[in-house]
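Reader: I'm new to reading protein models. Could you go through this one with me and tell me what stands behind each word you use?

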Amino acid sequence: RYSLFYNRLKNIEENEGGLDKFSESYKTFGVNQFVDGGIYCKEWAPGAEAVFLAGDFNGWNPFSHPYKKMEYGKWELFIPPEKDGCPPVPHGSKLKVVIRAQNGELLYRISPWARYVVRDEDKVNYDWVHWNPPQSYIHKHPSPKRLKSLRIYESHVGIASPEGKVASYKNFTYSVLPRIKDLGYNCVQLMAIMEHAYYASFGYQVTSFFAASSRYGTPDDLKEMIDVAHSMGITVLLDVVHSHASKNSEDGLNKFDGTDSCFFHSGPKGTHQLWDSRLFDYANWEVLRFLLSNLRMWIEDYRFDGFRFDGVTSMLYHHHGIGTGFSGDYNEYFGLHVDEDALCYLMLANHMINSLHPECITIAEDVSGMPALCRPVAEGGGGFDYRLAMAIPDKWIQIIKELKDEDWNMGNIVHTLTNRRYKEKYIAYAESHDQALVGDKTLAFRLMDAEMYTNMSVLSPLTSVIDRGIQLHKMIRLITHALGGESYLNFMG
């Protein structure tokens, strides 16, 4: 594993002028403006016959601005500034990459590197809007120092309001952050920021990886939100989804160049059976460029302080963890069923973040318990700082569902809470969005159920159900916090 990582890193150093330069590609790919006002466009579309740029700026003429073909399936286009020095593509105008596929069909696509995509009320699909304001938000506050232990408030901007609508970044900045600070949390983990067409996927079916979701506001609103969090000494983590991508092609990455592959494996290997989504080809040079640059952009442009990597188990194994139980036997973690390319990508990502932004934190959402995932890359590990203690919430649900109160086995509970790999840091939690949202019940509802609606008021008599529920709820959280790991997480509300 380490030699695969080492060779890939050496390859990047030799051919791309270093990992730093390679992962900074978000500054050249997509549509970027030069200081003189000229626009430089670059795409990777290996299956395309021809590539053009169309939009409001050229009256949607599909052929007036052709890209020039470069080697390795890349295409580039330079549009000089107007005579008065103004940029040829104004801020806020709509764009599309037009691709002539091998069968001659013209495909209108959103650039994989698009920074802002918006959906009009009356439309189904998202539109790519060129985001280049004359004055972008400037961060005023330094990032907080790296924390020794995290107290994470896991949250979703859109549901962080009692109103029956999608809440905004502004609402979160001014109404929610002060409460998080007041409650004693020192870290916020944000779900559903990377743009996703389907709101009910809670951000896990990403369509535009470089775009902050426009349903909550503009990119500048998000930057302000992170800046205000920093002013309160709160670390901000992004829930990053690099394990798979939405299979939307009109406003997603799928079939970008008209072929089945491009960013993904072709055929059945490129589709996740349970998630109905596309799977990245982590051995592909341009996929590595895309994903590593994606992490850099979120850190450098938006000033996120680190990431929780979603779906790491799905990445680590060719079977994606489907229909597989993990007992802890070492044969489960070493063998041909391990996707070494994906593991190598995670090692590269952690190595890059560690060397360029050592203050950043990375967390792995891995249910399998892959050994050394949270040891440094230099030791042959995966390079993560923490992993989520995913067995703990499952244990609480099992106990509440299956056992009477007097049958709770203290030894079994303590064993589950302390059963973790030596010298790998864990984040303990009694429940996260997995338990609270996805067709499931929160612990409070499991303990008190219907009486939550009728007997939670000081005006109604205290019942034994509510009394027991609240006491157990507090004790579950206390023991999880005390024994479960080196950090703690709680889902909003």
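Author: Gladly! Keep in mind that this is a predicted model.

Reader: What makes β14 and β17 a pair of strands?

Author: Two strands pair if there are at least two bridges between them. Strand β14 (residues 235-240) and β17 are joined by three bridges, so they meet that cut-off, and they run parallel. β17 also pairs in the parallel sense with strand β18 (residues 361-364), over four bridges. On that side, the bridge partner of Arg308 is Ile363 in β18.

Reader: Which way do the residues of β17 point?

Author: Gly306 and Arg308 point one way, Phe307 and Phe309 point the other way, and all are buried.

Reader: How do you know that β20 and β21 count as paired?

Author: Two bridges join β20 to strand β21 (residues 487-491), and the cut-off is at least two, so they count as a parallel pair. One partner couple is Ala428 with Tyr488 in β21. β20 (residues 425-428) is also joined to strand β19 (residues 386-388), by three bridges and again in parallel. There, Tyr386 stands opposite Lys425.

Reader: Why are β1 and β4 called edge strands?

Author: They belong to an open sheet of four strands, in the order β1-β2-β5-β4, with antiparallel pairing. β1 (30-33) and β4 (68-69) each have a single partner strand, so one side of each has no neighbour in the sheet. For β4 that partner is β5 (residues 74-79), joined by two bridges. Lys69 has Trp75 in β5 as its bridge partner.

Reader: What makes a residue such as Cys262 "buried"?

Author: Buried means under 20% relative accessible area. Cys262 has 6%, so it counts as buried. Cys262 sits in the loop between β14 and β15 (271-272). Its phi is near 60°, a positive value in a residue other than glycine.

Reader: And is Ala372 buried or exposed, or in between?

Author: Ala372 has a relative accessible area of 26%. Buried needs under 20% and exposed needs over 50%, so Ala372 is partly exposed. Ala372 lies in the loop between β18 and β19, and its phi, near 65°, is positive in a residue other than glycine.

Reader: Why is Asn455 called buried?

Author: Its relative accessible area is 15%, and the cut-off is under 20%, so Asn455 is buried. Asn455 is in the loop between α12 (451-454) and α13 (464-483). Leaving out residues up to four places away in sequence, Asn455 touches Ser460, Pro461, Thr463 and Ile466.

Reader: Which residues touch the most other members of the largest nonpolar core?

Author: Trp298 and Tyr345 do, in a core of 112 residues. Helix α7 (residues 340-356) gives the most to this core, with ten residues. Domain 1 (30-111) and domain 2 (151-491) both give residues to the core, so it lies between them.

Reader: What does Tyr345 touch?

Author: Not counting residues up to four places away in sequence, Tyr345 touches His242, Tyr282, Leu288, Leu291, Leu292, Leu295, Phe309 and Met315. Apart from this core lies another, of 19 residues, among them Trp396, Ile413, Ala444 and Ile476.

Reader: How do you know that domain 1 and domain 2 are in contact?

Author: Contact means heavy atoms within 4.5 Å. By that test, 16 residues of domain 1 are in contact with 15 residues of domain 2. The area buried between the two domains is about 1200 Å², with 61% of it from carbon and sulfur atoms. Trp44, Arg109 and Ile110 supply 57% of the area that domain 1 buries against domain 2, more than any other three residues. The domain centres, taken over C-alpha atoms, are 36 Å apart.

Reader: Which residues does UniProt list for the "Glycosyl hydrolase family 13 catalytic" domain?

Author: The unreviewed UniProt entry lists residues 163-479 under that name. In the model, this span is 37% helix and 13% strand, and its end C-alpha atoms lie 34 Å apart.

Notes: Residues numbered from 1 in each chain as written. Predicted model: local features only at pLDDT ≥ 70, side-chain atom pairs only at ≥ 80, totals over all residues. Heavy atoms only, no water. UniProt positions renumbered as here; feature names shortened; annotations may be inferred. Core = buried A, V, L, I, M, F, W, Y, C linked by side-chain atoms within 4.5 Å. Buried < 20%, exposed > 50% of the residue type's maximum accessible area, 1.4 Å probe, protein only. Domains from an automatic or database assignment. Buried area = accessible area lost by both parts, 1.4 Å probe.
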